[in-house]
Amino acid sequence: MEYHITVRQGNAQWTVNHRYRAFLEMSESLKKECASQNYPIYFPAFPQKSWWTVLHNENYLNDRRIQLEKYLDAILTDLSRKGLVLPYSLATFLQINPIAP
């Protein structure tokens, strides 16, 4: 299952597609990058993977999509509020031309 993310930057708009595993890898990379650079951003709890829920909840994939969206929104909102530059790992994930670390 791929999740589709619509990215807007200025007048440009594009869609990137990622599986849950890519979100998880981005999150882990982002945390390491921010820790190594003393980048003070807020990380909400990452949406967990649960096989029991997959088997017993028909809305599971939509619920996870919403949780992943909220996760990204919280990080992007915190970056914007603090006036911080988009970290390399997040920019790469969103296919935005990143500033190399």
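**Salt bridges and burial, checked against their cut-offs**

Me: Why is E25 called partly exposed?
Reply: In this predicted model, E25 has a relative accessible area of 39%. Buried means under 20% and exposed means over 50%, so E25 falls in between and is partly exposed.

Me: What makes R21 and E25 a salt bridge?
Reply: Their closest N and O atoms are 3.3 Å apart. The cut-off is within 4 Å, so the R21 and E25 pair qualifies. Both sit in helix α1 (residues 20-36), and because they are 4 residues apart there, about one helical turn separates them.

Me: How do you know that D78 and R81 form a salt bridge?
Reply: The N to O distance is 3.8 Å. With a limit of 4 Å, the contact therefore counts. D78 and R81 are 3 residues apart in helix α3 (residues 60-82), about one helical turn.

Me: And what makes D78 and K82 a salt bridge?
Reply: Here N to O is 3.1 Å, which is within 4 Å, so the name applies. These two are 4 residues apart in helix α3, again about one helical turn.

Me: Which residues are linked in a network of salt bridges?
Reply: D78, R81 and K82 are. Across the whole structure, the search finds 4 salt bridges.

How values were computed:
Residues are numbered from 1 along each chain as its sequence is written. This is a predicted model: local features need pLDDT of at least 70, side-chain atom pairs count only at pLDDT 80 or more; totals for chains, interfaces and linings use all residues. Side-chain values use heavy atoms; hydrogens and water are left out. A salt bridge is a side-chain nitrogen of Lys or Arg within 4 Å of a carboxyl oxygen of Asp or Glu. Buried means under 20% relative accessible area, exposed over 50%, partly exposed in between (1.4 Å probe, protein chains only).
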